[in-house]
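Trainee: I have a structure open on my screen and would like to learn how to read it. Could we go through it together, one feature at a time?

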Amino acid sequence: MKLLARALRLGPFGRLAASRKLGAGQELAEPAGRCWASIRAFRTQRPHLGSPPTHPRIMRPDDANVAGNVHGGTILKMIEEAGAIISTRHCNSQNGERCVAALARVERTDFLSPMCIGEVAHVSAEITYTSKHSVEVQVNVLSENILTGAKKLTNKATLWYVPLSLKNVDKVLEVPPVVYSRQEQEEEGRKRYEAQKLERMETKWRNGDIVQPVLNPEPNTVSYSQSSLIHLVGPSDCTLHGFVHGGVTMKLMDEVAGIVAARHCKTNIVTASVDAINFHDKIRKGCVITISGRMTFTSNKSMEIEVLVDADPVVDNSQKRYRAASAFFTYVSLSQEGKPLPVPQLVPETEDEKRRFEEGKGRYLQMKAKRQGQAEPQP
């Protein structure tokens, strides 16, 4: 919230050129007149697509999970903050009604490598496509060992934002277009936009699905590990509109998914990926939100967990409880030495659990085939 407010107060800095050190004898120059951002981002007068610089943040002990690495939810929150800043600045780059960019969807986010406490996180974001009412932002996270200078890519994510008017939260404004360096960039972005739009519509059928508690469940069943967290939305959780910041919701979802994974395998666990977080509706300050997670599928070394977020406007009798967000998280089990361990196989009991298991298996096989295709050498 504070970072986003600071970003909105910063004025234009004109045409800037910057450089940053990458390693011994290497320097990357940043071109002037391009639109780029990090956790603290600058804004140019004419939005172009280009390579973004990064802003460092050291990872401290309060960022750690129980295994001693940086909490996946902390990384997701940093990713969303960077995306919110660059998209909000872009949407206010022209004269007109002022707005703030609200998170609508997070595409699949891969956790490529764990980040350790004491390392420096470099979060960068760039706008890769704009439609009439939405902005696509690509965010990369690199970790740096400040003792050796070694850097590695830890996370890649794609986020979609929509500009909401500061005067009327239900009014979606138009997005200023960006200038593409190649015509193919616009065409590829349009295909991604249509694909995510279709997937968002397909997820709405799940909105009536709820997680019910079961007494005395058997180990390795869905009921045994399913978990819920209840959170009262306060001012520190919210954006300028008085609605929950997307990064806050993502971190709570990751926490619940982690609890489900740990209960199932009873070992150290880490987030491997997040598959498309969809934000179906806004969550207002003062709401009580229930974040529920349940195991849907297990492979030999990974677990898929579905996380659902329901909002209950307890101070507003005119509105009923509603589904606010949903996503699938993938976790892996690790030994004390940090090596992958076999995962206890899930035992689906009901017809719905068996159906969700088969759907999860389909997503797992589809992603596995995609990774194998990317790993094959190009002719």
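This is a predicted model: local features need pLDDT of at least 70, side-chain atom pairs count only at pLDDT 80 or more; totals for chains, interfaces and linings use all residues.

Trainee: Let me start with strand pairing: how many bridges join strand β12 to β13, and do they run parallel or antiparallel?

Mentor: To read a pairing, look at the number of bridges and the direction of the strands. Here ten bridges join β12, residues 288–298, to β13, residues 303–312, and the two strands run antiparallel. They form a hairpin with four residues between them. For a landmark, find Ile291, which stands opposite Val309 in β13.

Trainee: And which strand pairs with β13 over nine bridges?

Mentor: That is β14, and this pairing is also in the antiparallel sense. Met303 has Tyr331 of β14 as its bridge partner. As you look along any of these strands, remember a general point: in a regular strand the side chains alternate between the two faces of the sheet.

Trainee: How many of the ten residues of β13 are buried?

Mentor: Nine of the ten, so the strand is mostly covered, taking buried to mean under 20% relative accessible area.

Trainee: Let me try another strand. Why can β8 be called largely enclosed by the rest of the structure?

Mentor: The reasoning goes by counting buried residues. Strand β8 covers residues 135–144, and seven of its ten residues are buried, so the rest of the structure largely encloses it. Ten bridges link β8 to β7, residues 120–130, in an antiparallel arrangement, with Ile127 opposite Val137 of β8. A hairpin of four residues connects β7 to β8.

Trainee: How many bridges join β8 to β9?

Mentor: Ten, and these strands run antiparallel, β9 being residues 151–165. Asn140 stands opposite Lys156 in β9.

Trainee: Which residue takes a positive phi in the hairpin of β8 and β9?

Mentor: Gly149, with phi near 85°, in a hairpin that has six residues between the strands.

Trainee: Where do Lys266 and Ala276 lie, and is each of them buried or exposed?

Mentor: Lys266 lies in the loop between α5 and β11, and it counts as exposed because its relative accessibility is 59%, over the 50% cut-off. Ala276 is in strand β11, and it counts as buried because its relative accessibility is 11%.

Trainee: What about contacts between residues that are apart in sequence? How far is Tyr193 from Trp160 in space?

Mentor: Compare the separation in sequence with the separation in space. Tyr193 and Trp160 are 33 residues apart in sequence and 8.9 Å apart C-alpha to C-alpha. Tyr193 is found in helix α3 and counts as buried because its relative accessibility is 17%. Gly360 is buried, at a relative accessible area of 1%.

Trainee: Last topic, pockets. What volume does the second largest pocket have, and which residues lie nearest its centre?

Mentor: For a pocket, read the volume, then the lining, then where the lining comes from. The volume of the second largest pocket is about 870 Å³. Its lining has 39 residues, and Leu103, Ala104, Val162, Arg200 and Phe279 lie nearest the centre. By kind, the lining divides into 21 nonpolar, ten polar and eight charged residues.

Trainee: And which parts of the chain supply the lining of that pocket?

Mentor: Elements that each give at least two residues include α2, β5, β9, α3, α5 and β14. At the level of domains, at least three residues of the lining come from each of domain 1 (51–204) and domain 2 (217–373).

Methods: Residues are numbered from 1 along each chain as its sequence is written. Side-chain values use heavy atoms; hydrogens and water are left out. Buried means under 20% relative accessible area, exposed over 50%, partly exposed in between (1.4 Å probe, protein chains only). Two strands pair if DSSP finds at least two bridges between them. On a 1 Å grid over the protein atoms alone, a cavity is a set of points where a 1.4 Å probe fits but cannot get out, and a pocket is an open set with protein on both sides within 12 Å along at least five of seven lines; lining residues have an atom within 4 Å of a point. Grid points are joined across faces, edges and corners, and a volume is the space filled by probe spheres set on the points. Ala, Val, Leu, Ile, Met, Phe, Trp, Tyr, Cys and Pro count as nonpolar, Asp, Glu, Lys and Arg as charged, and the others, Gly among them, as polar. Domain bounds come from an automatic or database domain assignment.
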